[in-house]
Amino acid sequence: MSNRDKYLSTVDVKWKDITPGGTIYEAGNAKEFKTGDWRSQKPIWIEEKCKQCSLCPPVCPDSSIPVNGDGKREEFDYDHCKGCGVCAKVCPFDAIDFVNEG
Amino acid sequence: MAIRDRLSGNEVVAIAMKQINPDVVAAFPITPSTEIPQYFSQFVSNGVVNTEFVPVESEHSAMSACIGAEAAGARTMTATSSNGMSLMWEMLYIASAMKLPIVMSLVNRAVSGPLNIHNDHSDSMGARDSGWIQIYGENNQEAYDNVIQAIRIAEHKDVLLPVMNCYDGFITSHAVENVELIEDEKVKTFVGEYNPEDYLLNTANPIAMGPLDMPAFQFEHKRQQAESMKDAKKVILEVAEDFYKLTGRKYGLFEEYMMEDAEVAVVVLNSTAGTAKFVINKLREQGIKAGLVKIRVYRPFPVEEIINALSKCKAVAVMDKADSLNAAGGPVFTDITSAFYGKISGVKVINYIYGLGGRDVKTNDIEKVFNDLLELKDGKEMPVYNYLGVRE
């Protein structure tokens, strides 16, 4: 019954091949679930105004503000950002605009 | 050499659990199943089992703890009755969907209301679509034998479903009968070690169990559950065969009593079978070809097998100790008549709702059913949906 080699990741998986009871055999797979299209508004990063103060990455509930090896933030991960606007609110330098999707 | 003893149904099930020595038992007391965790907690206190006993604060927590323990990789057992299982409801479906081989003794009792602590089958019948295997036992011996077999059935790799070991509250749970126990060592060998393939405490292979299952996948998982239920039929018979080799006691999907040439037959579950056998013996002395089908395995439902067993009868009464309140008939009746559909015609099948809320089922009640069947066989018109033993 069980099939641990065929990883449950595509909508084509047939019932005979799907993992038993929905068990997930690999860690860190939440990134494969794209939630970006839930958004009705989105943050825009204005890089020239940004002072790299690091206030926005830790407040993002979806870890959608990537931080590189130098400790600097990069462009939003729009595949997972749900558009909550917390980052725009926390920014002291108006470096994050918050606009309607569309 | 098997051990002869005199024990109540709950006592003998608790002893079976002692012999199985599961890793975890999480339970909450409710009449008439209370004695199972009561006896078992004594075994724990006396150190005769290695089980982690979790005295939870409700049945919802009992089943939740069982799910957590079983997912962690522990062989897990519990017991409940009636409203206790009602409180487990949410978790029953999660246990089966997560494919966790939990074994629960369900001591059948009427579900409130009106409030009642006595025997009928409204509790287990309500859970017939929950994805649990349901095995029913007529007496103390069968309750003991079934719970031991349940471990092997549940944990089989082609099944991996939870099993309910059902037997009648008070009638079986509290009555003391002669039973034949199997030696501890033999039970231990029969059930074997529990080595699940996937479990949460396996640090070598970390997994997530029971995650959100969206429309793209949930249907496939339900289909998989349905297949496990179909496969369970074969496994139940294989385990019964091994059990027969161990004890000499034969079990199938159901028991046929005097069915070879039966013209009229009743279909029952649990303790009523004993009463019916007594009546059938008397009728046979009078030359009446009466028989009985006692369903042992209700989930999975033995569709083809049961129809074959009943196909030569002229009239059959399906007796339900639970009413579906659907203006049509009881649960066993609707399952049996659907099984007949398109396969066999000419067998008249009627339904009796009986024994609700612990109403006594006497030999003259069963005699009345057979008398009705004889008239039905001879062409008398009868309603399909009948009540037996209610004051009209």
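**A helix and its sheet**

Modeller: Between the chains, 14 residues of chain A are in contact with 21 residues of chain B, contact meaning that two C-beta atoms, placed from the backbone, lie within 7 Å. Sorted by class, the side of chain A that touches chain B has 10 nonpolar, 4 polar and no charged residues, where Ala, Val, Leu, Ile, Met, Phe, Trp, Tyr, Cys and Pro count as nonpolar, Asp, Glu, Lys and Arg as charged, and the others, Gly among them, as polar. The model is a predicted one, in which local features need pLDDT of at least 70 and side-chain atom pairs count only at pLDDT 80 or more, while totals for chains, interfaces and linings use all residues. Residues are numbered from 1 along each chain as its sequence is written, and chains are lettered from A and ligands numbered from 1 in the order in which they are written.

The part to look at closely is helix α12 of chain B, residues 363-377; helices (H or I, at least four residues) and strands (E, at least two) are DSSP runs, numbered from the N terminus. At 1.5 Å a residue its 15 residues should span 21 Å, and the end C-alpha atoms are 21 Å apart, which agrees; the expected span is 1.5 Å times one less than the number of residues. Within α12(B), the residues Asp365(B), Ile366(B), Val369(B), Phe370(B) and Leu373(B) are buried, a term that requires 20 or more other C-beta atoms within 10 Å of a residue's own, whereas 12 or fewer make it exposed and values in between partly exposed, with C-beta atoms placed from the backbone. Seen down the axis, the buried residues of α12(B) fall within an arc of 140°, so they line one face of the helix, the arc being that of the directions from the helix axis to the C-beta atoms. On the face turned away from that buried side sit the exposed residues Thr363(B) and Asn364(B). Just after α12(B), Gly379(B) has a positive phi of about 105°.

What do the buried residues of α12(B) pack against? Their partners in chain B are β10 (264-269), α9 (272-285), β11 (290-295), β13 (315-320), β14 (348-354) and β15 (385-388).

The sheet in question is open, with 6 strands in the order β9-β11-β10-β13-β14-β15 (chain B) and mixed pairing, two strands being paired if DSSP finds at least two bridges between them. Its edges are β9 (254-257) and β15 of chain B, each with a single partner strand, so one side of each is left without a neighbour in the sheet. From one strand to the next the twist averages 25°, axes being lines fitted to C-alpha atoms, for helices over the stretch in contact, and angles running from 0 to 180 degrees between N-to-C directions. Inside the sheet, β13(B) and β14(B) pair in the parallel sense over 6 bridges, and Ala315(B) stands opposite Lys348(B) in β14(B).

Helix α9(B) packs on this sheet, touching β9, β10, β11 and β13 of chain B, with its direction at about 165° to that of β11(B). Helix α12(B) also packs on the sheet, where it touches β10, β11, β13, β14 and β15 of chain B, and its direction makes about 140° with that of β10(B).
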